[in-house]
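This briefing goes through a few local features of one protein model. Please keep the sequence and the 3D view open while reading.

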Amino acid sequence: SSRRGTNSSTMPRLLDMVRACGGGDGSAASARANDVTRLALRALGILEQLLELHSSKFPHLDAILALLIETARAADAHLRVREEAAEVLTAVVSARPKLLVKKGAVDVLLELGFELVCEGDAVAFEDPGRDDCEVDGDDADDYDFDGGRDADDDPLGSELPRPTSVFGGRLLTSIGDAVASKRVVPYVQAKLGAIQQLADPHARKGALLLAAAVSGGCSGVMRRQADALLDLVKAMLGDANAMVRAAAAQALMHFAANLQPEILLNHEQLIPLIGSLMQDPEESVRTRGARALAGVCEEMPPDQLDQHIATLVPMVAATLNSGTASASTQKYLCEVLAAIGDAKSSSLAPYANDLFHLLIPATGPETATLLRAHALQACGLIAVGAGREVFTEQVFNALWPNVADAFASPHAELREMCYSVAAHMATLLGADFGSHALQVVEAALGLLNDENVNLKSSNPLAKSDFKLGDDADVDDGVHGPDRDADDADGDPDAQDDFVMHVRTADVEEKTAAVYCLGVFAVELGPQFSPHLEGLTNALENCVMHVNSQIRVNALHALAEIVRARHMASYAPEQPPAVVNGVEPSDDTLFPAVRDFVDEFIRAELLPIMNTDTDPHVVAAACDAIVHLTRKLGAVVVHPYLDEILDATSVLLQQQAPCQNAEEDGDFDSDEGEANYQGDAIHGPRGDDGADPNDDHDRVVIDSVSEIVDTLCVAYGPSFAGYFQQLAGYLLPYTGADRSGEDHVFAVGVIAQCLDALGPAKAGAFFDSAFGIATQLVHTTPESVARSNCCLVLNVLVRHAPERFVQQPALVSQVLQIVWAVLQSADELPATHDNAASVVCSMVHTLPDAIPMASVLAELLPRLPMRADRDENVNAARCLAAVVDGPERARALLAANDGRTFEEYRAAVRRTMALSDAQLAPEHKQALWNAVSAAAASVPFSLE
């Protein structure tokens, strides 16, 4: 009825049904109670599907929200009913955030989510049936890790009810992702501000989980508060209540993942702090500590992680050897070791053999499935990280039989890790792994050709499986097996729509298999050539799979197949060069490779970009073009450049099919979102077009930005004409009516492209780029966008210095802008670094146009860069330029009665002390040579 817009009578009856059946005694276990609960769940499921069918205002929405909130909050209701009500609310938040803001419902939903995560002792956001450290000890044995608890364990015939923290956390996460941060963060700040005065430990736990849940969606604001959040977590880790300490560890894990890179700038304090949790008397805290440590190690830059290996590895090994750690704690500690291996640190080698001795026994069949899988993953990454000199044939022979045995396991998670280990072995051993790869290839091709798909009716009334009473079988003439779907009142709209479903475990296994085969294609060289044809056919079938993630990974693997075919055309000792800036006559691809590339780009990638409705798949097609261009050069995409840019232009205008999904028709007018129709500059927006402020296609836009950046870098100055056309589509994203994310995207692309165009062509865009950067830096709400504005100014200073010489007023304007950014306490550290880098460029490019003494007094204490380490090259160049010649060196010595020289000497010391990952040795050497030459000619002391 909803499809015909006649739901005015259906909705009140559904609401009455939920109200009547959803508030029963959650502890009752009688058949009658179970049937009533099933009825409530069925009604909620129908309600959710009816909501999904409507793209505009929905009748009775206020009543629906009120009932769902009441049901989710009802402590005496069955937990499954409460969960289903919260899940429907989560879906509404994701689909109609602006409408909820307009109705003033956001704070009410935040309060509901907070109450749910406060309830009970659980500290979990995830489904405990799959991968949650709340499932420990004997309880873990009741779970089938391929899909949750067995149906027979639940009187309702489905998975075990989840803790309120799980569905409350999902509701909060959805609010954080969908609603503007300015409407969410103040609520969170109020809860955190009072946390240490809260007597109830459940309230302290809830405040921590609230902040953790929204940290992903609100990262733009919360990143600026990273230091304060870290201080709060540190205080809560010392709480007397174990549940609160576990919540603090959980929050720290989310902050480490979402508040990058600011939260990790304090890694010297952070790692020991988390490590201390491994000594906590409560196993639940130790488990959360291990998980937080794994998350931090996965996110930490390799050079930072390297500083802690000597402390971390012995601690982790001792805990694994203790015999007292739970299976979940051991699993997360395996993830810590995997992250350390993935960092490829030279500090790992001395520990590698002991770790293999510890982990390889855990990869055998007698180990629990999930722990075995993570032990395998850790072994593979440690092998790659330690290198072939440490990963001897003896170690391989001890490990590989356990991997080969695990391929026959009935558990998809374990087989998934086997593909990951096989990929690592191919990366490490290359052609020497060829004889062992055959088993993996056969298993992978068999898996890819096996369609493990289930059909499920999307009709909310189909296949009713509950009974009203102990023995009653109700045949209403609709759900019977012989019912013809087209006979429902003669209405074809009433027929069942079948949706294809694939188990998550199967998707992840296929994803790992596809990735593994892509690695094989590149790393095994000629040995893999016989399998290329069969693999290509299997992957092309996967591109048409019903599951988005499988399609995405198939496109990535096919791009690797292109690379493998290209490399196979050359002798191993003479690999092909990356050819950029090509003309049509410069095609260096062999004809067979060109034919394959032609088929891949014209028959697969371009049709997906132009017609596919799945944003993730479209993004993957864009990523494949980026990958091919970066690995093989512009030569590979040159014949299709116009077609690629045509598709890119449509995506930039948000007019592609993947960007025209049904949208919420209710806009929040106070954010400038109402009645936007576009104009001649910003481009048209039809009734079915994408709202320029919606971020539903952010994944697509991010990949499109990579295409533009990559092509501009590959073609260099010759891309100027194309960039001029694309710039017209970028300008709308810089408008005052656009979101901060749009500003970040557009200004970032402009900065990267201007840099790639170089001095020869960047000057042609000076006026428009300078105008955008100097205006947007004052108006954008996003610190990262201001950082990108500084990048644009930096590029213009370096590539068009003559404009600043001709117009001295521009120099003063730029200095005023960067000083304002540097002095603002609201900016991210990386934004401060990029502002300082603009001044560095002015010092070595426009030394006579700036007040050097006053500039250095402000700049030198900020060097080197703390967060954006890529800018340290510019910092070193600036420090060298300051003493370039005796006159400058003498001026430095005399400035501010010698105080500026002391600051300079301290900045040089700090810069020379950077690790090689933070500043390459050649740049350090160049700086030292410049400083030494100046010291010899003036002279001055470097001590």
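Helix axes are lines fitted to C-alpha atoms over the stretch in contact, and the angle between two axes runs from 0 to 180 degrees between N-to-C directions. The model is predicted.

**A helix pair**

- Helix α37 spans residues 829-845 and helix α38 spans residues 852-859; they pack at an angle of about 145°, with their axes 11 Å apart.
- The crossing of α37 past α38 is left-handed.
- On the α37 side, the contact is made by Ala836, Val839, Cys840 and Val843.
- On the α38 side, Met852, Val855, Leu856 and Leu859 make the contact.
- Eight residues of this contact are nonpolar, and there are no polar and no charged ones.

- For residues 270-308 the values are 77% helix and 0% strand, with the end C-alpha atoms 11 Å apart.

**Cysteines**

- A disulfide is a covalent bond between the sulfur atoms of two cysteines.
- How many disulfides does a search of the whole structure find? The search finds zero.
- The cut-off for a disulfide is a pair of cysteine sulfur atoms within 2.5 Å.
- Cys334 has its closest cysteine sulfur in Cys379, at 8.0 Å, so the two are too far apart for a bond.
- Cys334 counts as buried because its relative accessibility is 3%.
- For Cys622, the closest cysteine sulfur belongs to Cys658 and is 8.0 Å away, which is too far for a bond.
- Cys622 also counts as buried, because its relative accessibility is 0%.

**Backbone details**

- Most residues other than glycine have a negative phi, and most peptide bonds are trans.
- The peptide bond between Leu863 and Pro864 is cis, with omega about 0°.
- Pro864 lies in the loop between α38 and α39, the latter covering residues 872-882.
- Lys344 is not a glycine, yet its phi is positive, about 55°.
- The loop that holds Lys344 runs between α18 (327-342) and α19 (349-359).
- Gln654, another residue other than glycine, has a positive phi near 55°.
- Gln654 sits in the loop between α29 (641-652) and β5 (678-679).
- Is Gln654 buried or exposed? Gln654 counts as buried, because its relative accessibility is 5%.

Key:
Residues are numbered from 1 along each chain as its sequence is written. This is a predicted model: local features need pLDDT of at least 70, side-chain atom pairs count only at pLDDT 80 or more; totals for chains, interfaces and linings use all residues. Side-chain values use heavy atoms; hydrogens and water are left out. Helices (H or I, at least four residues) and strands (E, at least two) are DSSP runs, numbered from the N terminus. A crossing is left-handed if the near helix is turned anticlockwise from the far one by less than a right angle, and right-handed if clockwise. Contact means heavy atoms within 4.5 Å. Ala, Val, Leu, Ile, Met, Phe, Trp, Tyr, Cys and Pro count as nonpolar, Asp, Glu, Lys and Arg as charged, and the others, Gly among them, as polar. Buried means under 20% relative accessible area, exposed over 50%, partly exposed in between (1.4 Å probe, protein chains only).
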